[in-house]
Amino acid sequence: LEARHPVLCLDNTQVTPVDLDLAPGRCAILQGANGGGKTQYLGTLGLLALLVKAAIPIPAAQGSIVTFFPTILADVENAAKLTFPNASTYEGFLYFASYALNTEKALILFDELGSGTDSAEGGAIGVAILESLLQKQNAVCAATHHPSVKAQAISRPEAYELWSFEGDSFRPSRGASAIRSAKALDAAERCGLPQDVINVANELLNCEQSDNDDLRSLEPALATLEAVRLRATLAAESAELAAEAAEKMRKEALQAINHAAQRSATRAFSAAQRIEQAEKNLQLLYNDLKKRPDANALTIIGDTLRCARLARKPALRAKREALLAAQGLIVPNSIKPGDSVVIVAFDHAATSISTQPGAQVLSITRNTADLRLGSKLINKVPLTDLAVWDVPILADGSADTIYATTSSYR
């Protein structure tokens with residue numbers, strides 16, 4: 001209780017006391033802003049554990065109880081990189097983690113868990129390492145910016161606790177239930193980065209956030225699905241293949257769309273495909289596990305399948321909107337007689353689309369519309385099969401020279 005960093009105390013530096021609570025078989029995940037105090041928290045925890053091991057009094061409130069750890073391992077402030085100077089930053093982390101995985105009932109500290117590599121792969125490896133360490137009754141504390149690691153902490157409160165460092169208090173709040181931002185722009189300004197550079201970064205960030213607004217409704221389902229998918233990976237080797245297939249599909253979708261105006265469509269389609277692919281692979285896992293007497297694993301996969309199926313409808317809608325956006329089309333908020341519309345047709349899996357531009361609405365009855373396309377009358381076209389140009393100038397007929405009449409994401 002009210003623990004203080006011993007080195008800072010010796011320097012007569014004003015120290016913010018913090019409460020430390022970590023037991024064997026538990027993991028504390030630290031999240032929050034850059035410069036918010038996560039590294040100092042790890043340093044305080046590790047140094048106090050070393051002082052106790054050496055029978056030296058610690059700077060903490062009277063009545064504090066400290067667990068004795070026979071082994072203390074820390075990768076804090078690039079310690080692993082210094083230990084392995086010829087390795088890359090991420091390789092240094094992996095060497096340290098490999099050594100830590102051979103210990104039991106130890107105190108293990110990670111600063112920036114899984115950083116220095118691809119975010120998705122680094123997060124997945126980080127979670128797998130934490131789960132293995134907890135199985136050996138180690139006490140683990142890890143600072144991270146990886147969303148998948150934070151999602152794991154939220155989904156498994158029996159083994160994890162998510163701590164958030166917010167504001168200037170440098171005091172963490174325990175039991176966080178939401179993923180927090182790293183506030184990198186605030187840190188850039190605080191560290192003296194030129195204001196014009198920060199302004200450009202802020203504009204790019206706002207643009208990306210605007211592109212992601214259409215996917216906000218999918219984020220809770222995706223976060224839950226990702227957390228449980230990681231748990232299933234630990235239960236069966238085939239789940240690792242599912243993650244690789246989903247990542248490959250995401251990269252292929254990104255490569256298919258390289259125009260800046262299609263960024264939102266790319267993300268929508270990628271999210272929808274990940275949900276569908278996860279559901280298919282989890283169904284295979286579920287069928288496989290039914291052959292083995294593992295009730296816990298069956299419950300995990302069954303809950304995940306239900307989650308995936310709930311997300312299917314918004315995922316299909318996101319895929320359709322992505323295909324429309326790729327041709328400069330959007331779903332209209334309303335349609336009235338006299339409007340110019342585009343007739344669209346999706347295949348069963350919403351992986352391709354064909355369009356007939358230049359139709360005019362004659363009348364609307366409930367959920368259908370009667371249209372005129374050139375000299376031809378088309379009756380009772382479902383309103384869900386109609387779209388309009390996102391940019392009005394495209395409706396003058398020049399759209400055919402700009403957008404292909406058929407788009408496909410496969």
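What strand order and pairing does the open sheet of six strands have?

The model is a predicted one: local features need pLDDT of at least 70 and side-chain atom pairs count only at pLDDT 80 or more, while totals for chains, interfaces and linings use all residues. Residues are numbered from 1 along each chain as its sequence is written, and side-chain values use heavy atoms, with hydrogens and water left out.

The order in the open sheet is β2-β3-β4-β1-β5-β6, and the pairing is mixed. β2 (72-75) and β6 (172-173) stand at the edges with a single partner strand each, so one side of each has no neighbour in the sheet. Helices (H or I, at least four residues) and strands (E, at least two) are DSSP runs numbered from the N terminus, and two strands pair if DSSP finds at least two bridges between them.

Within this sheet, β1 (residues 27-32) pairs with β5 (residues 160-165) in the parallel sense over six bridges. A28 has E161 in β5 as its bridge partner. Helix α6 (residues 147-155) lies across β1 and β5 and runs at about 125° to β5; axes are lines fitted to C-alpha atoms, for helices over the stretch in contact (heavy atoms within 4.5 Å), and angles run from 0 to 180 degrees between N-to-C directions.

## Strand β8 and its partners

Five of the seven residues of β8 (residues 340-346) are buried, that is, under 20% relative accessible area (1.4 Å probe, protein chains only). β8 pairs in the antiparallel sense with β9 (residues 352-365) over six bridges and with β12 (residues 386-389) over two. V341 stands opposite A359 in β9, and V342 has A387 in β12 as its bridge partner.

## Helix α5

Helix α5 (residues 119-135) has 17 residues and reaches 24 Å from first C-alpha to last, close to the expected 24 Å, which is 1.5 Å times one less than the number of residues. Its buried residues include G122, G126, I129, L130 and L133.

At the N-terminal end, D118 caps α5, with a side-chain oxygen 3.1 Å from the backbone nitrogen of A120. Just after the helix, Q137 takes a positive phi of about 60°.

## Confidence

The average pLDDT (the predictor's confidence in each residue, from 0 to 100) is 75 for the protein, and 62% of the residues score at least 70.

Where pLDDT is low, the predicted coordinates should not be read in detail.

Terms used: Buried means under 20% relative accessible area, exposed over 50%, partly exposed in between (1.4 Å probe, protein chains only). A polar contact is a pair of N or O atoms within 3.5 Å; within protein, one must be able to donate a hydrogen and the other to accept it, and residues adjacent in sequence count only if both atoms are side-chain atoms.
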